[in-house]
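This report looks at one protein chain. Please view the sequence and the model before reading on.

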Amino acid sequence: MSRITAAASAAFLSFALASTAPAADVNIAVVGPMTGSTAALGVQMRDGATAAVDALNASGLLPGIKVILSVADDACDPKQAVAVANRLTMDQVKLVVGHFCSSSSIPASDVYAEAALIQISPGSTNPQLTERGLKTVFRICGRDDQQGLVAAEYILRHYPNKKIAVLDDKSTAGKGIADVVESRLQEAGEKVIRQSYVAGEKDYTALVSRMKRDGIQIAYIGGYYNEIGLIVRQAAEAGAGLTIMANDPLMTSDFSAIAGEAANGTLFTFMPDSTKNAQAADAVARLKSSNMSAGGYTLYAYAAVQAWADAVKRAGTFDGPRVAAALRSQPTQTVIGPVRFDTKGDNAAPGFVVYRWHNNIVETVE
């Protein structure tokens, strides 16, 4: 952004904050898989961002400003994500809450960075999103090099000397986290059978039969809830007798609906349950009163809007680089707790917890 444009942005905000004139509109967007096989996760992001914008406009934090939220769909498709990113930069939105799939976030982030537009992803966990030195790109969730280690250490503690398979769906996120899990298990001396599968299929019985024949006792899967739900169900139907552990996209009831009773006992990792935070109580109540879920990525999308708004307030401008500097300068209190962005743009706070599906609900394991 040019100095003239940045100065104009700061002057506009300063005027708006001091003005009693009608609110000026500022546009932001939430982008994710609003359609397609992972749409349940996009809905979580949409609901969280919507609730956060409603609360922000009612709060008076940015007096004289009305934040307008648009919803964009990338269907977790990289080409569609880049097209959306180009459109949003042309529309001069000030914040993008998104994307979800790392395979979408990473190419889109190059577009946002070139335009000095703030991007905060609630769900892209692949480390490469923030490893490239892009100054206006952030993630508010955790990283797969954290998540994968938590999963691997759990397997090492609870399934020592068992036959282990590590599977992935060949996606950026799925393969990335599976690589982390496999590496840590092998480092600890475990022999691992590695296998990939094709996302979007309906029949994984050949894969299940191979694991049963090999005597696999626990399988770690890096992928998304649709395919993992099918694998879990088909493994139970085949009497494979194995435990399945997976990554964060299993934090949706759609997984349980697909897997059916076989979902019981399925392990996965996700960030700490933010719905139990005292600072989230009001947001959770509002979401539930609107028949929206507060779980999964909902509060992470909500927190992304909060962190941006707080940084805008402190920076006194919508200028992307200056807002980015404010985001890194100090922690922000949000519905998921304090958010502390490091120099790369990662949130230093979230760790990962092991959860288990049991009787259609998620329970904390450790």
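## What counts as a pocket

A pocket is an open set of grid points where a 1.4 Å probe fits, with protein on both sides within 12 Å along at least five of seven lines. Rolling a probe the size of a water molecule over the atoms shows where empty space is left. The model discussed here is predicted.

## The largest pocket

The largest pocket holds about 550 Å³ of space. Its lining is made up of 30 residues, and M251, S293, A294, G295 and G296 are the ones nearest its centre. Two or more lining residues come from each of α2 (39-59), α9 (253-259), α11 (298-315), β13 (353-358) and β14 (361-364). By type, the lining has 13 nonpolar, 11 polar and six charged residues.

Strand β1 (residues 24-32) runs parallel to strand β3 (residues 95-98), and three bridges join them. In this pairing, A29 is opposite V96 of β3.

Strand β3 is also joined by three bridges to strand β4 (residues 118-121), again in parallel. Here L95 has I118 in β4 as its bridge partner. Between β3 and β4 the chain passes through helix α4 (residues 102-114), and this β-α-β crossover is right-handed.

## The annotated region

An unreviewed UniProt entry lists residues 26-357 as "domain: Leucine-binding protein". Over residues 26-357, the chain is 43% helix and 18% strand. The end C-alpha atoms of this stretch are 41 Å apart.

Terms used. Residues numbered from 1 in each chain as written. Predicted model: local features only at pLDDT ≥ 70, side-chain atom pairs only at ≥ 80, totals over all residues. Heavy atoms only, no water. UniProt positions renumbered as here; feature names shortened; annotations may be inferred. Helix = DSSP H or I, 4+ residues; strand = E, 2+ residues; numbered from the N terminus. 1 Å grid on protein atoms, 1.4 Å probe; cavity = no way out; pocket = protein on both sides within 12 Å on 5 of 7 lines; lining within 4 Å. Points joined across faces, edges and corners; volume = space filled by probe spheres on them. Nonpolar A, V, L, I, M, F, W, Y, C, P; charged D, E, K, R; others polar. Pairing = 2+ DSSP bridges. Right-handed = clockwise from strand over helix to strand, strands pointing away.
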